[in-house]
Amino acid sequence: MASNSADLDRSNDRYLHHTVQSLFSLKGKVIVITGGARGIGLAFGIAVAEAGGDVAVLDVLETPHEHFSKLQNDYGVKVKLYKTDVTKFEILKATFDEVVEDFGRIDGCVAAAGICPDQPFLERSPEAVARCFDINITGVFFTAQLAAAQMVRQKPTEFNPKGGSVILIGSVAAYQASKAQYLSDYCSSKGAVLSMARELAVELADRNVRVNSISPGYMMTDMTLAISDTRPGLAKIFVNEPPMKRMGDRTDLKGACVYLLSDASAYHTGDDLLITGGIHAGRTE
Ligand SMILES: NC(=O)c1ccc[n+]([C@@H]2O[C@H](COP(=O)([O-])OP(=O)(O)OC[C@H]3O[C@@H](n4cnc5c(N)ncnc54)[C@H](O)[C@@H]3O)[C@@H](O)[C@H]2O)c1
């Protein structure tokens with residue numbers, strides 16, 4: 001039932017006291033990023049550090065990308081890399097426990113670990129499909145669950161009066177079939193991620209945990225550069241399909257990540273931010 005006016009908090013000048021700079025700041029916040037040893041996750045780590053947040057990177061990689069040392073050394077925030085596997089619940093839980101021991105809390109989490117197998121549907125083996133779903137769906141589920149469980153356990157702080165924020169990484173591939181790749185299980189997994197984000201957002205709304213997803217279009221990373229080397233014609237599609245006629249750069253995702261993790265998005269949950277250079281708007285020529 002709608003509140004009557006007597007139930008309203010009528011203080012109507014709060015917006016005058018929260019500046020844009022303070023709303024977007026991640027100072028004093030601890031952000032966990034899976035898949036942050038390279039690629040899009042690493043760009044998110046650098047974005048968080050630039051906004052003043054501390055960063056715990058969880059990745060299966062032994063050796064992170066060379067830019068990781070920049071994240072560790074250049075921003076004056078705490079950064080630590082944990083070797084783990086998002087598909088193994090007990091191992092991942094132990095890693096989250098270690099993060100909380102090291103950093104004291106978790107205010108935000110980005111589930112960016114993922115793989116993108118490219119093989120015709122009729123050739124996909126049960127093991128290969130299971131691996132893709134394990135990393136891209138179950139791993140994201142476990143990550144969100146462990147992060148949210150910590151967020152609802154902890155008390156608000158001066159730096160984080162509003163609760164936690166979880167970002168899942170979807171893809172434009174959740175919305176449309178691939179133009180030149182064979183992505184049957186990948187597309188399915190990203191559809192699942194978007195449904196997961198919506199459901200978690202509703203379940204966790206009254207526990208002060210917001211859940212949103214970001215769906216990038218074609219972004220320039222080591223992953224996409226490697227794929228376009230093996231498949232002639234793909235680079236052309238990456239550049240020409242977006243109405244903006246260029247591939248996305250990871251710079252294009254940094255602002256959205258900081259926005260969704262910060263108090264600037266305190267009333268924003270259950271949404272998917274499509275950052276595709278316009279692909280999703282449907283104009284392909
Ligand atoms: N690059 C793009 O164009 C693009 C577009 C849309 C969506 N995405 C999504 O963005 C995310 C990141 O993609 P990327 O391009 O940076 O790929 P990437 O391969 O460069 O990075 C993925 C990271 O995930 C890690 N990872 C993989 N399996 C893991 C596991 N079991 N446990 C822990 N870490 C694991 C990898 O080690 C790697 O560091 C993925 O979910 C991908 O589907 C990418």
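This is a predicted model: local features need pLDDT of at least 70, side-chain atom pairs count only at pLDDT 80 or more; totals for chains, interfaces and linings use all residues.

A: Residues are numbered from 1 along each chain as its sequence is written, and side-chain values use heavy atoms, with hydrogens and water left out.

The structure holds 13 salt bridges, a salt bridge being a side-chain nitrogen of Lys or Arg within 4 Å of a carboxyl oxygen of Asp or Glu. One of them joins R124 to D185, with the closest N and O atoms 2.6 Å apart. This pair links distant parts of the chain, 61 residues apart: R124 lies in the loop between β4 (108–111) and α5 (126–153), and D185 in helix α6 (residues 184–204). Helices (H or I, at least four residues) and strands (E, at least two) are DSSP runs, numbered from the N terminus. Both R124 and D185 are buried; buried means under 20% relative accessible area, exposed over 50%, and partly exposed in between (1.4 Å probe, protein chains only).

A second example is the salt bridge between E62 and K83, at 3.8 Å from N to O. Because E62 lies in the loop between β2 (54–59) and α3 (68–73) and K83 in strand β3 (residues 79–83), the pair ties together parts that are 21 residues apart in sequence. E62 is exposed, with a relative accessible area of 62%.

The side chains of K88 and D85 also form a salt bridge, at 3.3 Å from N to O. K88 is partly exposed, its relative accessible area being 42%.
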